[in-house]
Amino acid sequence: MISFGIIGTGWITASFIAGAHATSKWNLATVYSRSAESAKHFAAKYDQKINIHTEISSLATDPSISAVYIASPNSYHYKHAKEILEGGKHVILEKPATSNAKELDELFKIAKEKGVFLIEAYRHIHEVNFKILKGNLPRLGKIYGASLNYAQYSSRYDNALKGEVPNIFNLEYAGGALVDLGVYCIAAAVELFGEPRQSQYFPVMIPTGADGGGNLILTYDNFSVSINASKIWNSEVPSEVYGEKGTLVVPTITDIARVVYLDPKKKGEREELGKEKEKEHLNLKEEAAEYARVIEEMDLEAVKKYEKVSRGVIKVTEGCRRANGLLFPMEK
Ligand SMILES: *[C@@H]1O[C@H](CO)[C@@H](O)[C@H](O)[C@H]1NC(C)=O
Ligand SMILES: *[C@@H]1O[C@H](CO)[C@@H](O)[C@H](O)[C@H]1NC(C)=O
């Protein structure tokens with residue numbers, strides 16, 4: 001059992017706890033919130049003894065836990081993760097881990113010095129059907145390209161249209177569609193094909209000054225990946241990888257329900273490769289199971305692999321943001 005604490009009391013934290021508890025490998029022991037009231041309110045949902053912290057420093061030094069799941073607002077990730085890592089605890093950090101590569105570098109450095117892990121929570125790459133997609137890539141022979149899509153209208157955009165500036169669409173709070181949602185597609189590309197040679201982003205700008213969505217082209221040695229991601233429109237366009245010996249199609253890039261292989265020699269035939277996906281309310285269970293395994297076995301190789309994905313993603317998002325003038329406060 002890994003006793004853990006949480007920072008951030010939103011729905012995503014509740015989802016992580018549900019997934020974590022379903023693995024029987026994790027035990028929620030402490031809850032942090034700046035307000036004792038909301039910490040108590042959140043903890044009351046669980047039928048177990050839970051400590052309350054209202055200071056990050058006391059959470060970081062709480063001897064009853066060995067890991068902390070962090071899902072505070074994006075612009076606090078770095079500060080919170082730093083303090084928890086310095087306290088010698090493993091950190092599972094919601095995406096996007098940090099605003100830029102320098103901060104990420106620093107966090108990985110602290111984790112190594114303290115002998116603990118920093119893992120950015122890209123849940124989708126641990127899903128059963130994502131792994132099936134990846135495992136079948138060799139079947140395609142030479143890769144010709146891929147199209148990865150994730151567009152989901154955010155109700156916060158309604159507020160933005162009324163003249164408000166929700167954090168998620170606010171560059172002052174390290175927001176924007178690329179870093180908030182595009183990263184799912186970028187992480188998928190990096191996990192499937194490695195770090196791209198180049199990247200170019202064509203954002204759709206919104207009145208808050210942030211990108212609401214856009215088209216991103218990742219260039220690899222002999223092919224390119226086109227990503228369309230958005231928080232201001234919906235899309236049902238599937239994602240696919242195509243090569244000389246066929247095409248692999250998934251309806252979505254997270255919560256993948258099916259994996260279909262299309263053989264160019266067998267027109268009209270569809271080979272279903274996918275397995276039953278995790279239930280919606282436990283869609284963070286697969287990552288929680290993997291992180292527990294990694295921590296229990298102190299699996300350095302796996303952690304190195306995940307570190308590479310995080311570094312590959314931040315390189316793309318930071319480069320694309322800078323090229324488009326989508327600057328966060330510390331970059332101005
Ligand atoms: C890319 O294509 C060139 C020319 O066909 C080939 O020599 C090279 O090995 C390929 N690189 C990769 C990484 O597949
Ligand atoms: C992605 O965006 C580009 C640029 O807007 C567009 O031309 C392309 O059709 C889009 N692709 C998909 C699959 O939606």
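Let's start with A36. A36 is partly exposed, because its relative accessible area is 31%. The cut-offs are these: buried means under 20% relative accessible area, exposed means over 50%, and partly exposed is in between, with a 1.4 Å probe and protein chains only. A36 sits in helix 2, which spans residues 36-43. From A36 to E55 is 19 residues along the chain, and their C-alpha atoms are 9.8 Å apart.

A word on the source. This is a predicted model, where local features need pLDDT of at least 70, side-chain atom pairs count only at pLDDT 80 or more, and totals for chains, interfaces and linings use all residues. Residues are numbered from 1 along each chain as its sequence is written, chains are lettered from A and ligands numbered from 1 in the order in which they are written, and side-chain values use heavy atoms, with hydrogens and water left out.

Now the whole chain. How many helices and strands does the protein chain have? Ten helices and 14 strands. The chain has 332 residues, and its radius of gyration is 20 Å, which agrees with the value near 20 Å for a compact globule. That radius is taken over C-alpha atoms, and the globule rule is 2.2 Å times the number of residues to the power 0.38. Along the principal axes, the C-alpha atoms fill a box of roughly 60 × 45 × 35 Å.

Next, burial and surface. Of the 332 residues, 55% count as buried. The protein chain exposes about 15,000 Å², and carbon and sulfur atoms supply 50% of that. Those areas come from the Shrake-Rupley method with a 1.4 Å probe; for residues, only the protein chains shown count as cover.

Contacts next. Contact means heavy atoms within 4.5 Å. Take contacts between residues at least 6 apart in sequence: 65% of them join residues at least 24 apart.

And charge. The chain carries 41 positive and 42 negative side chains, and the centres of the two sets lie 2 Å apart. Lys and Arg count as positive, Asp and Glu as negative; His and the chain ends are not counted. Each charge is placed at NZ of Lys, CZ of Arg, CG of Asp or CD of Glu.

On to the UniProt record. Its positions are in the numbering used here, feature names are shortened, and annotations may be inferred rather than shown by experiment. The unreviewed entry lists "signal peptide" for residues 1-22. That stretch is 55% helix and 27% strand in the model, with end C-alpha atoms 12 Å apart.

The entry also gives "domain: Gfo/Idh/MocA-like oxidoreductase N-terminal" for residues 3-120. Over residues 3-120 we have 42% helix and 23% strand, and the end C-alpha atoms are 19 Å apart. Then comes "domain: GFO/IDH/MocA-like oxidoreductase", listed by UniProt for residues 139-248. Residues 139-248 are 21% helix and 37% strand, with end C-alpha atoms 9 Å apart.

Look at P203. P203 lies in strand 8, residues 198-205. Is P203 buried or partly exposed? Partly exposed, because its relative accessible area is 22%. Leaving aside neighbours within four places in sequence, P203 contacts D211, G213, G214 and N324. Y144 is 59 residues from P203 along the chain, and their C-alpha atoms are 25 Å apart.

Now the backbone. Most residues other than glycine have a negative phi, and most peptide bonds are trans. Where is there a cis peptide bond? From K95 to P96, with omega near -10 degrees. P96 is in the loop between strand 5 (90-94) and helix 5 (101-114).

S24 is not a glycine, and its phi is positive, near 60 degrees. S24 is in the loop between helix 1 (11-22) and strand 2 (26-32). S24 is exposed, at 52% relative accessible area. A174 has a positive phi too, about 55 degrees, and is not a glycine. A174 is in the loop between helix 7 (156-161) and helix 8 (177-193). A174 is buried, at 6%.

Last stop, R258. R258 is in the loop between strand 12 (246-250) and strand 13 (260-262). R258 is partly exposed, because its relative accessible area is 37%. Not counting residues up to four places away in sequence, R258 touches N129, V249, V250, P251, R270 and E272. R258 and E272 are 14 residues apart in sequence and 7.1 Å apart, C-alpha to C-alpha.

Terms used: Helices (H or I, at least four residues) and strands (E, at least two) are DSSP runs, numbered from the N terminus.
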